[in-house]
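Thank you all for making time this morning. I would like to walk you slowly through one structure, so please have the sequence and the 3D view open beside you.

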Amino acid sequence: MLDGCGRTIDYLRLSVTELCNYRCRYCMPEAGICKRDHREILSVEECVEIAEASAHCGVKKIRLTGGEPLVRRGLLEICRGLRAIPALEELCLTTNGSLLPSMAAPLREVGVDRLNISLDTLRPERFASMTRLGHLSDVLDGIKAAEAAGFSDLKLDTVLIGGFNDDEIGDFLALTMEHPWEVRFIELMPMGPCAEWDKSCFLPGTEILKRYPGLQEIVPNGVARRYRVPGAKGTVGLISPVSHDFCGQCRRIRVTADGKLKGCLHSREEIPLRGLHGEELEEAIRRGILQKPQRHHLTERPSDTPRNMNQIGG
Ligand code: SAM
Ligand code: SF4
């Protein structure tokens with residue numbers, strides 16, 4: 001359906017947990033978060049019910065996210081439930097990849113179409129330092145497991161952070177020479193723990209084009225501007241939510257793991273969906289779509305949301 005600004009909304013990002021086995025410095029506090037009673041988090045049945053109601057409102061694509069979706073108990077049941085929704089054309093999932101060695105095949109079996117795997121650095125010590133709890137080798141094994149399970153068009157999502165990984169842009173581009181993956185550089189958004197980080201950490205996506213002018217532009221996909229290193233098997237995406245405001249093309253709504261509908265990642269407005277069923281639930285989702293904010297204000301100030309990214313779902 002169309003939102004109040006005339007944009008088609010057909011994409012739901014559904015967060016299935018706030019919990020994570022990593023503590024990425026820009027996303028989560030070091031101590032983690034207070035684990036909520038599981039009754040505060042959407043049940044498997046509620047996730048499926050909300051997805052069904054969203055599909056009645058025009059949603060055709062769902063991305064499962066978190067926190068880390070692969071730590072969610074009942075994830076496979078959720079996927080099965082979503083796959084049974086006739087109007088759902090695409091089921092995707094964003095993961096840090098660490099649990100894919102055991103989960104990639106089951107995810108494929110329950111009908112997940114595509115995976116995005118987050119990977120900010122190819123250097124083991126940096127990886128450990130940024131994620132605080134992670135091992136790079138787990139994610140690399142996860143990528144292999146995903147390919148072995150038949151996930152062919154993998155996307156690797158890399159948050160570009162000045163002074164942390166901007167000296168690895170060339171290494172990430174080199175990956176696309178060997179592998180048919182899309183490496184996507186995402187601008188760091190000022191929210192949660194990184195809202196007050198030094199300005200030098202926030203690099204525009206165009207920095208990549210400045211440093212690698214030989215990249216050839218190809219057809220864009222959604223909000224990603226896309227390029228190819230001449231002769232490469234894979235592609236390069238630039239996702240620039242801050243410098244290249246793509247709000248005018250945004251097709252998304254989000255539902256948090258505690259059941260709040262958000263029209264925009266960066267706004268404070270939330271519509272509680274828990275306890276609603278049938279027509280009432282659909283009506284609340286329609287209201288959220290109609291009230292979707294026109295744009296965020298990241299060029300003027302940090303994100304307006306009081307939530308950290310793991311509490312919304314990136
Ligand atoms: N745990 C999963 C993962 O890391 O892929 C899914 C959830 S995570 C919140 C989703 C994506 O949001 C990740 O690619 C992460 O790097 C990104 N992210 C988190 N905080 C961000 C920020 N402040 N700016 C830009 N991207 C961010
Ligand atoms: Fe966890 Fe993903 Fe946030 Fe890292 S970015 S702490 S993996 S939710």
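**Starting from the core**

If we leave aside its neighbours within four places in sequence, L82 is in contact with L14, C47, V48, A51, I62, L64, L88 and L91, where contact means heavy atoms within 4.5 Å. Before I go further, please keep in mind that this is a predicted model, in which local features need pLDDT of at least 70 and side-chain atom pairs count only at pLDDT 80 or more, while totals for chains, interfaces and linings use all residues. Residues are numbered from 1 along each chain as its sequence is written, chains are lettered from A and ligands numbered from 1 in the order in which they are written, and side-chain values use heavy atoms, with hydrogens and water left out.

L82 is among the residues with the most contacts inside the largest nonpolar core, which has 88 residues, and the others named with it are I62, L64, L107 and F185. By a nonpolar core I mean a set of buried Ala, Val, Leu, Ile, Met, Phe, Trp, Tyr and Cys residues joined through side-chain atoms within 4.5 Å; buried means under 20% relative accessible area, exposed over 50%, and partly exposed in between, with a 1.4 Å probe and protein chains only. The largest share of this core, seven residues, comes from α1. Apart from it lies another core, of five residues, including I186, V223, A224 and F246.

Let us turn to the sheet. Helices (H or I, at least four residues) and strands (E, at least two) are DSSP runs, numbered from the N terminus, and two strands pair if DSSP finds at least two bridges between them. An open sheet is formed by 12 strands in the order β7-β8-β9-β6-β5-β4-β3-β2-β1-β10-β11-β12, with mixed pairing. Its edge strands are β7 (216–221) and β12, each of which pairs on one side only.

Now for two helices. In α5, the buried residues are L136, V139, G142, I143, A145 and A146, and the buried residues of this helix pack against α3, β4, α4 and β5. The loop between α4 (124–131) and α5 (136–148) holds R132, which has a positive phi of about 65° although it is not a glycine.

Which residues of α8 are buried? They are L281, E282, A284, I285, G288 and I289. They cover an arc of only 160° around the axis, which puts them on the same side of α8; the arc is that of the directions from the helix axis to the C-beta atoms. On the other side of α8, E279 and E280 are exposed. The buried residues of α8 pack against α1 (44–56), β10 (252–255), β11 (260–262) and β12 (271–272).
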